[in-house]
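Here are some quick notes on the charged pairs, as promised. Have the viewer open while you read.

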Amino acid sequence: MDWPSFAQAWRNGYKDFTRNYAPSQSLAANDHIPFKTVDQHHHDSLIGLLDSNGLPALWPPDEVLEISRVWHFLEPWPDSSSGIGKLNALGIQTCALSNGNLELLTDMATYAHLPWTHVFSSEHFGAYKPSPKVYKGAVEKLGLKAEECAMVAAHL
């Protein structure tokens with residue numbers, strides 16, 4: 001098994017999911033797609049990749065679930081916690097605005113000691129970035145105007 005390619009396929013599946021998932025769009029006249037969290041997607045995607053690679057029984061279901069939640073325990077950039085803390089000390093509101101679901105972000109903040117003053121998940125807005133609904137919703141929840149906000153991203 002080419003594990004680096006497997007991992008990249010899993011990551012690419014996330015990118016496709018968040019860019020193409022539209023839970024508010026109708027399937028039929030009165031049929032709506034229910035919102036699916038990133039945790040649900042990661043788990044379903046991992047199971048699908050294991051199945052499509054002939055590895056459906058590689059790990060027991062509880063281990064597959066644990067692996068699918070690896071994103072909850074990522075190591076932060078070395079200066080993230082102290083940088084966020086310094087902004088907070090200056091009275092600046094800091095906010096995580098993520099496609100991750102609330103449980104994922106809460107676990108991440110706890111594990112990585114990220115002292116955000118606000119945490120906003122795509123779950124709050126029923127959409128995923130890059131939908132403008134997410135960004136505009138966060139600005140509204142902060143009680144600010146868009147021009148009063150700055151966005152900083154620290155991902156690859």
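**Notes on the salt bridges**

1. Start with aspartate 44, which is partly exposed at a relative accessible area of 39%. (Buried is under 20% relative accessible area, exposed over 50%, partly exposed in between, with a 1.4 Å probe and protein chains only.) Its side chain meets that of lysine 36 in a salt bridge, 2.9 Å from N to O. Lysine 36 is partly exposed too, with 23% relative accessibility.

2. Before going on, the ground rules: this is a predicted model, where local features need pLDDT of at least 70, side-chain atom pairs count only at pLDDT 80 or more, and totals for chains, interfaces and linings use all residues. Residues are numbered from 1 along each chain as its sequence is written, and side-chain values use heavy atoms, leaving out hydrogens and water.

3. How many salt bridges does the structure hold? Four, taking a salt bridge as a side-chain nitrogen of Lys or Arg within 4 Å of a carboxyl oxygen of Asp or Glu.

4. Aspartate 39 and arginine 69 form one of them, at 3.5 Å from N to O. Aspartate 39 sits in helix H2 (38-52) and arginine 69 in the loop between H3 (61-68) and H4 (80-89), so the pair ties together parts 30 residues apart in sequence. (Helices are DSSP runs of H or I, at least four residues, numbered from the N terminus.) Aspartate 39 is buried at 11%, while arginine 69 is partly exposed at 22%.

5. Arginine 69 also meets aspartate 107 in a salt bridge, 3.6 Å from N to O. That pair links distant parts of the chain, with aspartate 107 in helix H5 (102-112), 38 residues apart. Asp39, Arg69, Glu103 and Asp107 are linked in a salt-bridge network.

Key. Helices (H or I, at least four residues) and strands (E, at least two) are DSSP runs, numbered from the N terminus.
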